[in-house]
Amino acid sequence: MPQQYVEKKKGGYCLTGRRVSLDSIVHAYRNWQPAESIAQSFPSLSLEQVHGALAFYLANQSEVESYLDSGRSEFDRARQAAREQDPMFYQKLADARRFAQSARP
């Protein structure tokens, strides 16, 4: 019987029986991290589980990419709403960043 490494839970993908999202594995993979490095970054996962998650991603790439794009869009909407709700905070944050950058040698 084939092992299932990824499951859909509450509208998102995660590794079966774990609290690690498929998003985390895919982002590490996109950043050229080898499976061994990804497994070390997530001590609750075995190397086999990481390879299984990557195989799932590659076999379902268009579906997973669509899911990731949707999440990115949702994040962007939430970020914009937060900026509109408290513009002074974001202005202070931008000022602090500029100050920190100008103070560097």
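When I talk about axes today, I mean lines fitted to C-alpha atoms, for helices over the stretch in contact, with angles running from 0 to 180 degrees between N-to-C directions. Helices (H or I, at least four residues) and strands (E, at least two) are DSSP runs, numbered from the N terminus.

Quick housekeeping. This is a predicted model, so local features need pLDDT of at least 70 and side-chain atom pairs count only at pLDDT 80 or more, while totals for chains, interfaces and linings use all residues. Residues are numbered from 1 along each chain as its sequence is written, and side-chain values use heavy atoms, with hydrogens and water left out.

Okay, let's start with α1 and α3. They pack at an angle of about 85°, and their axes are 10 Å apart. That makes the two helices roughly perpendicular, the label for anything from 65 to 115 degrees, with under 35 counting as roughly parallel, over 145 as roughly antiparallel and the rest as oblique.

Who meets whom there? From α1 you have Leu22, Ile25, Val26, Tyr29 and Arg30, and from α3 they meet Ala53, Leu54, Phe56, Tyr57 and Leu58; contact here means heavy atoms within 4.5 Å. By class, that contact has nine nonpolar residues, no polar ones and one charged. For the bookkeeping, Ala, Val, Leu, Ile, Met, Phe, Trp, Tyr, Cys and Pro count as nonpolar, Asp, Glu, Lys and Arg as charged, and the others, Gly among them, as polar.

Leaving aside neighbours within four places in sequence, Leu54 touches Ile25, Tyr29 and Ala35. Leu54 and Tyr29 are 25 residues apart in sequence, yet 8.0 Å apart in space, C-alpha to C-alpha.

Now stay on α1. Its buried residues include Leu22, Ile25, Val26 and Ala28. They sit on the same side of α1, because they cover an arc of only 160° around the axis, taken from the directions from the helix axis to the C-beta atoms. And what covers them? The cover includes β1, β2, α2, α3 and α4. Leu22, again setting aside neighbours within four places, contacts Val6, Tyr13, Cys14, Leu15, Ala53, Phe56 and Val64.

Leu22 also shows up in the largest nonpolar core, which has 18 residues; Leu15, Leu22, Ile25, Leu45, Val50 and Ala53 touch the most other members. β2, α1, α2, α3 (47-59) and α4 (61-85) each supply at least two residues of that core. Such a core is a set of buried Ala, Val, Leu, Ile, Met, Phe, Trp, Tyr and Cys residues joined through side-chain atoms within 4.5 Å.

Next pair: α3 and α4. Here the angle is about 95° and the axes are 5 Å apart, which makes α3 roughly perpendicular to α4. Phe56, Tyr57, Leu58 and Ala59 in α3 meet Gln61, Val64 and Glu65 in α4, giving five nonpolar, one polar and one charged.

Last thing, the backbone. Most residues other than glycine have a negative phi. Lys10, in the loop between β1 (6-9) and β2 (12-15), has a positive phi of about 55°, and it is exposed at 86% relative accessible area. Trp32, in the loop between α1 (22-30) and α2 (35-41), has a positive phi near 65°. Buried or exposed, that Trp32? Exposed, at 77% relative accessibility.

How values were computed. Buried < 20%, exposed > 50% of the residue type's maximum accessible area, 1.4 Å probe, protein only.
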